[in-house]
Amino acid sequence: MNSFYGKIVTTWLCLIIPLTTLAQQKNMVLVKGGEFIPLYGVDSATVKVNSFFMDVYPVTNAEYQQFVIDHPKWRKSKVLKLYADASYLANWENDTTFSKDFLPDAPITSVSWFAAKSYCEYQGKRLPTVDEWEYAAMADAVSPDARKKEDYNKYILSWYETSNTIKNPIGSTFKNYWGIYDLHGAAWEWTLDFNSVLISGESRKDVDKDSDLFCGSAAVGASDLMNYAAFMRYAFRGSIKAQYSIKNLGFRCIQDVNTNQ
Amino acid sequence: MKNTANHSFWDIKKAMVLALFIAILPSCSNDKPTIRNPKDMPITGQVIADLTSPPNVPVPIGDRKAKKVIVNMEILEQEGTMTDGVKYIYWTFGGSVPGSFIRTRVGDEVEFTLSNHPDNKLPHNIDLHAVTGPGGGAESSFVAPGHEKTFSFKTLNPGLYVYHCATAPVGMHIANGMYGLILVEPEGGLPPVDKEYYVMQGDFYTKGANGERGLQAFDMQKAVNEDADYVVFNGQVNGLTGDNALTANVGETIRLFVGNGGPNLVSSFHVIGEIFDKVSVEGGSMVNKNVQTTLIPAGGAAMVEFKVDVPGTLVLVDHSIFRAFNKGALGMLKVSGEEDEQVYSGTQMEGIYLPEGSGIQTMPSTATAKEEAPQELSLAEKLNLGKTVYQQTCFACHQPEGQGIPTIFPPLAKADYLNADVNRAIDIVLHGKSGEITVNGTKYNSVMTKQTLTDNEIASVLTYVYNNWGNNKSEVTGAMVKSRRNIK
């Protein structure tokens, strides 16, 4: 039933999915499951993704503010250093007030993986896996897989070169095929198993690493412009640790659909 | 070649190079006895490295002993100017392209801290070619935004080395400006010179064509195709011209630390009007003398030295010459001081060379022109002929669309100077022009030579220029040109 690639993914899913069907919550849309070949895959290594509900928007400053009011252990003065580094909510005025420089409906950033994961769990949701996130994010406005479209890739690459996008309110980018906003163009987003695909930092060595996960990278050629955008996301994920809190990194949550569907 | 010796390589090549080696042995053997194993050099004290942005370099190490050298480098992703009206998002080591110059000596222990600014979007790292170790430090320095990483290395080999970012996609990080130079001086330091400068070439790939205005995004496809829009020194078209030009005085010896970040193109580095007295080939220990043009590989460097003997402007170019005049690989070194006519006389005599005639003659100023009885051409004929003349005569400096090269060759497109006065334009084509002029608010101080064209050719090319690129559609006739020619 669960044919995800990678032990870590499998492990996490076993731990987290309570195998109950939860009602779809407000502001979530269905992403219909299917198979796809992620960046690191080869033809034989398609990945199956089950259907899930995904937040239409990333979690906002206002929403996260409510979360820390309700859950004092995630306030910046209280949080365990093990779970969030010194940059956690770095711009906040105090424990329960975010910076005036940021809009209430702009994406929350500078939160650690532990904090993001906890937020989702309190909502009865969870963080998406890398595969789930990538699956939902390969859609443009009209098609579920736009990765071969030049415009789509150029849009993503140009976002990576645009600063201060985290100051825009949610919904400032396009609505994708599934009805989801801001997967590209606002902030990076945490994933549950962000470090399961390793980019070691020595990217040239990764090419010939004895790793099934990465054998696709050697094949990056002129026709694979699509991979460059994805490469940068994987490189980003490879550079971070779970307690890191980064100014351009936020998150959104997903919820499983009945796994028999 | 970061190993101290490579025996298998040596054994194979020994027979082939033995004769040559013996020939140059006497000159090499002088430096040999002083070399100790840099690994064993004792560290005495600690110093925080002075990092400089181009074209400046930190002070020479001289005879200082090997030390622990603390290097703090910050990565900034920031908008900058590629050329007038064209912006680009540069990714930088230390806020400049090329990145900050690092100066060490052999045997130093470098403690390197790489900080990735919190506002940055991407993770980065650094691969220093001066490092002996996996990835040149890349793996140990891979750092997320808002974080920093520290690693240490010992400088084992003297030379001039490139450093660059090696985060996937590597080519994109380099293409956006993430490269610079680290110098490892030999024990006792490099021989002193009067002036030292830091110059680094790079190629850039923009979504719009060369000169297209606005903020230009990086174009991955052009980069893959190695089809550069800009090839520049020190990160921008005007990196070494105008106020950014290098300066020197007559009699001084100049050392240029020249690097090439690439990502793709190999540089044919040349200084117009100079001969390199010495070149440390590829930044290593071999010194070549009396060199006109030296090849600098992408990801490589060279040290060039020359004494400037006469005043004037020396022009630094990539002698793969279309890059210099069409893509920006052109810089200037202004030398001031006394003329020395023994070295360079300037123009001594000017004449017309007619191969079928009797050698050099002085041209009677109006003779040929007077005898020409211009048959006036129609506007269509002039536009047609004018286009041909433009492409043969004007194109190289004023560029295909009349856009010129900012601060070097003035534009003809929408040019206020051109449109203000037709007779002045005719005079310039007839007699040439030198000295400072202001075109569309930018000052130019170049030389245009007088053109040996017929009245009809001049009328045609000017009409062509006036009727293109947003100019005022003036029509110039052969008679007008003739009357201007006869004034003198």
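Predicted model: local features only at pLDDT ≥ 70, side-chain atom pairs only at ≥ 80, totals over all residues.

User: Which residues of helix 4 of chain A are buried?
Analyst: They are V130(A), D131(A), E132(A), W133(A), E134(A), Y135(A), A136(A) and A137(A). A residue is called buried if 20 or more other C-beta atoms lie within 10 Å of its own, exposed if 12 or fewer, and partly exposed in between, with C-beta atoms placed from the backbone. Helices here are DSSP runs of H or I with at least four residues, strands are runs of E with at least two, and both are numbered from the N terminus.

User: What does that say about the helix?
Analyst: In helix 4 (residues 130–137) of chain A, 8 of the 8 residues are buried, so the helix is largely enclosed by the rest of the structure.

User: OK, how many residues does each chain put into the contact?
Analyst: Chain A gives 26 residues and chain B gives 29. Two residues are in contact if their C-beta atoms, placed from the backbone, lie within 7 Å. On the side of chain A that touches chain B, helix 7 of chain A provides the largest share, 7 residues.

User: And what classes of residue are on that side of chain A?
Analyst: There are 13 nonpolar, 8 polar and 5 charged residues. Ala, Val, Leu, Ile, Met, Phe, Trp, Tyr, Cys and Pro count as nonpolar, Asp, Glu, Lys and Arg as charged, and the others, Gly among them, as polar.

User: Switching to chain B: how many helices and strands are there?
Analyst: Chain B has 11 helices and 25 strands. Of its 488 residues, 43% are buried.

User: What is the strand order in the open sheet of 4 strands?
Analyst: In chain B, that order is 4-9-8-6, with mixed pairing. Strand 4 (102–105) and strand 6 (127–128) of chain B are at the edges with a single partner strand each, so one side of each has no neighbour in the sheet. Two strands pair if DSSP finds at least two bridges between them.

User: How do strands 8 and 9 of chain B run?
Analyst: Strand 8 (residues 159–164) and strand 9 (residues 179–185) of chain B run antiparallel, joined by 6 bridges. One bridge partner to look for is G180(B) in strand 9, which goes with Y163(B).

User: What does UniProt list for H173(B)?
Analyst: The unreviewed UniProt entry lists H173(B) under "binding site". UniProt positions are given in the numbering used here, feature names are shortened, and annotations may be inferred rather than shown by experiment.

User: Is H173(B) buried or exposed?
Analyst: H173(B) counts as buried because it has 24 C-beta neighbours inside 10 Å. H173(B) belongs to helix 3 (residues 170–175) of chain B. Leaving out residues up to four places away in sequence, H173(B) touches W91(B), H124(B), C165(B), T167(B) and M178(B).

Technical notes:
Residues numbered from 1 in each chain as written. Chains lettered and ligands numbered in written order.
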